[in-house]
Amino acid sequence: MTETMNAPTQASDGASSGVPILEVTDLKKHFPIMKGLVRRKVGDVRAVDGISFQIRKGETLGLVGESGCGKSTTGRVILQLDRATEGSVKYEGEELVGKSTSQMRGLRPNMQMVFQDPHASLNPRMTVASIIEEPLIEHRFGDRAERLAWIEELLGLVGLSPTHANRYPHEFSGGQRQRIGIARAIALNPDFVVCDEPIAALDVSIQAQVVNLLERLQDELNLTYLFISHDLSMVRHLADRVAVMYLGRMVELAPVDALYESPQHPYTQALHSAVPVPNPVVEFGRERIILKGDIPSPANPPSGCSFHTRCPIATAECAERVPEWRETNPGHWVACHLV
């Protein structure tokens with residue numbers, strides 16, 4: 001990589017010292033519900049309804065939950081691809097909420113995203129080289145020869161041959177397309193990457209390869225990840241800490257070992273009980289927690305604790321009062337009246 005392209009440096013003291021690269025405070029994203037010929041607003045879909053967390057430099061925060069709980073919207077609002085309704089998002093101390101498109105442009109090289117579906121996120125009419133070169137041209141990185149040299153290096157970093165540069169996305173498998181998406185995401189040497197379910201659309205046999213690639217790139221390029229997924233077993237392999245979302249709210253946040261060995265929130269316990277154990281004796285003797293009913297609509301969430309309509313241990317208080325977000329053990333945060 002040439003000097004013009006600002007080659008990534010080795011791991012800094014930020015990871016070990018716990019310096020937050022991202023601080024999210026009371027973040028909300030509500031989508032208006034419009035009806036009638038005059039498009040009158042009749043309500044809101046509360047996709048993200050007041051969440052707070054930090055991500056330290058060099059770490060991976062896993063964000064898990066059922067489909068529709070607001071995980072992907074959280075990632076998009078953090079990067080200001082969708083504008084926040086309320087709250088604060090600070091990247092290295094700089095407030096992002098409220099910045100204009102032109103103001104965000106200067107920060108885009110530092111914050112990138114790997115999208116869920118590699119079939120939809122890659123332009124089928126562009127070659128691999130053009131797809132990866134597009135952000136480099138947009139942010140004026142180097143001349144043509146330098147960009148092509150960097151594209152070849154990127155393809156090697158993600159496990160593809162430089163000879164693939166002139167091929168089109170339809171000529172690749174799903175796993176190879178996702179590697180192209182990852183190469184595009186790291187092309188601008190970002191510090192922070194949102195991985196929005198990057199393995200969900202891939203075959204099981206390919207998922208581990210992509211996760212291993214993300215781990216290797218994190219070590220080599222000193223990346224910080226927000227890894228969004230519904231696969232708890234894969235998140236356990238990759239994440240340092242795990243946050244659990246339900247219906248737009250965060251219900252538990254803890255170091256990965258603490259969350260998997262001693263989950264405290266009833267929803268986290270139910271998710272954990274559904275993860276298969278590769279020991280048939282242990283698996284046969286485990287008690288599964290079966291949640292009744294469907295997830296309520298984010299357009300009309302329940303009062304009090306949003307989980308109380310499906311919680312097996314809910315009390316009258318749970319329906320009346322929103323639980324406080326509190327630290328029960330060092331680094332272990334839970335929103336539940338009964339913990």
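Q: A helix here is a DSSP run of H or I of at least four residues, and helices are numbered from the N terminus; in this predicted model, which helix holds A129?
A: A129 has its place in helix α5, which takes in residues 128-138.

Q: Why does A129 count as buried?
A: A residue is called buried when its relative accessible area is under 20%. The value for A129 is 9%, so this residue counts as buried.

Q: Which residues is A129 in contact with, once its neighbours within four places in sequence are left aside?
A: Contact asks for heavy atoms within 4.5 Å, and with those neighbours set aside A129 is in contact with I151 and A165. A separate value concerns L155, which is 26 residues from A129 along the chain, with 9.4 Å between the C-alpha atoms of the two.

Q: What makes the protein as compact as a globular protein of its length?
A: The secondary structure, to begin with, consists of 13 helices and twelve strands. For 339 residues the globule rule gives 20 Å, and the radius of gyration of the protein is 21 Å, which is close to that figure, so the protein is as compact as a globular protein of that length. Along the principal axes, its C-alpha atoms fill a box of roughly 65 × 60 × 45 Å.

Q: How many of the contacts in the protein with a separation of 6 or more are between residues 24 or more positions apart?
A: Such pairs account for 65% of those contacts. As for burial, 48% of the 339 residues count as buried, and of the accessible surface of about 16,100 Å², 50% belongs to carbon and sulfur atoms.

Q: How do you know that β1 and β2 pair?
A: Two strands pair if DSSP finds at least two bridges between them. Strand β1 (residues 20-35) and strand β2 (residues 40-56) are joined by 13 bridges and run antiparallel, and one of the bridge partners is I55 in β2, which goes with L22. The hairpin of these two strands has four residues between them, and G36 there takes a positive phi near 85°.

Q: What pairs β1 with β4?
A: Five bridges do, in the antiparallel sense, with β4 taking in residues 86-91. In β4, K90 is the bridge partner of E23, while E86 is the bridge partner of K28.

Q: Why are β2 and β5 called edge strands?
A: The open sheet has four strands in the order β2-β1-β4-β5, with antiparallel pairing. Within this order, β2 and β5 (94-95) are the edge strands, as each pairs on one side only.

Q: How do you know that β10 and β12 pair?
A: The limit is at least two bridges, and strand β10 (residues 249-255) and strand β12 (residues 332-335) have two bridges between them, in the antiparallel sense, so they count as a pair. In β12, W333 is the bridge partner of L253.

Q: What joins β11 to β12?
A: Strand β11 (residues 325-329) is joined to β12 by four bridges, and the two run antiparallel. N329 stands opposite H332 in β12, and the hairpin that β11 and β12 form has two residues between the strands, with G331 in the turn at a positive phi of about 80°.

Q: How many side chains of the protein are positive and how many are negative?
A: There are 34 positive and 41 negative side chains, and 7 Å separates the centres of the two sets.

Definitions and conventions. Residues are numbered from 1 along each chain as its sequence is written. This is a predicted model: local features need pLDDT of at least 70, side-chain atom pairs count only at pLDDT 80 or more; totals for chains, interfaces and linings use all residues. Side-chain values use heavy atoms; hydrogens and water are left out. The radius of gyration is taken over C-alpha atoms; the globule rule is 2.2 Å times the number of residues to the power 0.38. Buried means under 20% relative accessible area, exposed over 50%, partly exposed in between (1.4 Å probe, protein chains only). Accessible areas come from the Shrake-Rupley method with a 1.4 Å probe; for residues, only the protein chains shown count as cover. Lys and Arg count as positive and Asp and Glu as negative; His and the chain ends are not counted. The place of a charge is taken as NZ of Lys, CZ of Arg, CG of Asp or CD of Glu.
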